[in-house]
Amino acid sequence: MWIVFAGLSSVSAGLTAILSKLGIKNTDSDVATAMRTTVVLVLSFAVTLITGEINALGGVSLKSFLFLILSGFATGASWICYFKALSLGDVSKVTAIDKSSIILTVLLAIAIFPAERVNWWIKLLCLAGIGIGTYLMADLKKTDGEEKKTAAGWFVFAAVSALFAAATSILAKAGIENVPSNLATTIRTCVVLVMAWGIVFGRKKASLVKQVPGNDLLFLCLSGVATAASWLCYYYAISIGQVSVVVPIDKLSVLITVAFSVIVLKEKVKAKAWIGLALLITGTVCMALFT
């Protein structure tokens, strides 16, 4: 059952990246992050109320609260970097680098959680394919002048986003123990919301909120809905399954994202990038099937 929810999370995450790219055409990335997070919190809190999981809030241990709060901070940092990278680079390349968090997440999961060490050698073999695939998809190359500066910019932000994304999954796995998954999602989102709006006000960008175009606002709201759906499915999956398998399945969203970037955004994807995508998908599927 948890594999099904991981798959649903993947589809929703793919839609999130697409809608987010459309929502920041004429909108500041920090403002976009804050607005999307607001939608996520409203929806996750509503689900927590409807399911009655809010009643378990008083029973959450201090340890779980700590790890969930840290996971929220890591998520906020990841989102901020991810949106910045999207505003600078091609969505297909940014997503590929962001999804490289799979590698660090799986390695940390195997090292920290004993239950994740089942068939660890198969996981490492699959990671090799995922790593090579990510490198090919990123299409890193030497450039000159302003193009080089821009390329370096999106790559740095995407790479930092991936590091924080890996930390997010590990911290959430540690904090979600004995905590209902929807409630855990809501707690984490509260932290992300405070962090996102804190940056908006801290950088004196609050005035930009009123300047968000109608189309951007619509896509950001839809992105928030997709994110909420992805998170609710994702954290339910890692609460009952292996995080070292759930994360790679979730990252299959890159397939949806790349397809959209080619068909709608008209981004050019080279042959080696398609080979990289095939390796990434093959490694992920093999990890899900054989571990």
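**The largest cavity and its helices**

Helix H9 supplies the largest share of the lining of the largest cavity, namely five residues. The model is a predicted one, in which local features need pLDDT of at least 70 and side-chain atom pairs count only at pLDDT 80 or more, while totals for chains, interfaces and linings use all residues. Residues are numbered from 1 along each chain as its sequence is written, and side-chain values use heavy atoms, with hydrogens and water left out. Helices (DSSP runs of H or I, at least four residues) are numbered from the N terminus.

Rolling a probe the size of a water molecule over the atoms shows where empty space is left. A cavity here is a set of points, on a 1 Å grid over the protein atoms alone, where a 1.4 Å probe fits but cannot get out, and its lining residues have an atom within 4 Å of a point. The count comes to one cavity of 30 Å³ or more. The largest cavity holds about 430 Å³ of space, a volume being the space filled by probe spheres set on the points, which are joined across faces, edges and corners. Its lining has 21 residues, and those closest to its centre are Trp 79, Asp 98, Trp 231, Asp 250 and Lys 251. Two or more lining residues come from each of helix H1 (2-23), helix H3 (62-88), helix H7 (145-175) and H9. By class, the lining has eight nonpolar, eight polar and five charged residues, where Ala, Val, Leu, Ile, Met, Phe, Trp, Tyr, Cys and Pro count as nonpolar, Asp, Glu, Lys and Arg as charged, and the others, Gly among them, as polar.

H9 (residues 214-240) also packs against H10 (residues 243-250), their axes coming within 9 Å and crossing at roughly 155°; axes are lines fitted to C-alpha atoms over the stretch in contact, and angles run from 0 to 180 degrees between N-to-C directions. H9 and H10 are therefore roughly antiparallel (an angle over 145 degrees). In this contact (heavy atoms within 4.5 Å), Ser 230, Tyr 234, Ala 237 and Ile 238 of H9 meet Val 243, Val 246, Val 247 and Asp 250 of H10. Six of these residues are nonpolar, one is polar and one is charged.

H1, another contributor to the lining, packs against H11 at an angle of about 35°, with their axes 7 Å apart. Among the residues in that contact are Ala 13, Gly 14 and Ala 17 of H1 and Ile 256 and Phe 260 of H11. The contact of H1 with H11 has seven nonpolar, four polar and no charged residues.

Methods
Angles under 35 degrees count as roughly parallel, over 145 as roughly antiparallel, 65 to 115 as roughly perpendicular and the rest as oblique. On a 1 Å grid over the protein atoms alone, a cavity is a set of points where a 1.4 Å probe fits but cannot get out, and a pocket is an open set with protein on both sides within 12 Å along at least five of seven lines; lining residues have an atom within 4 Å of a point.
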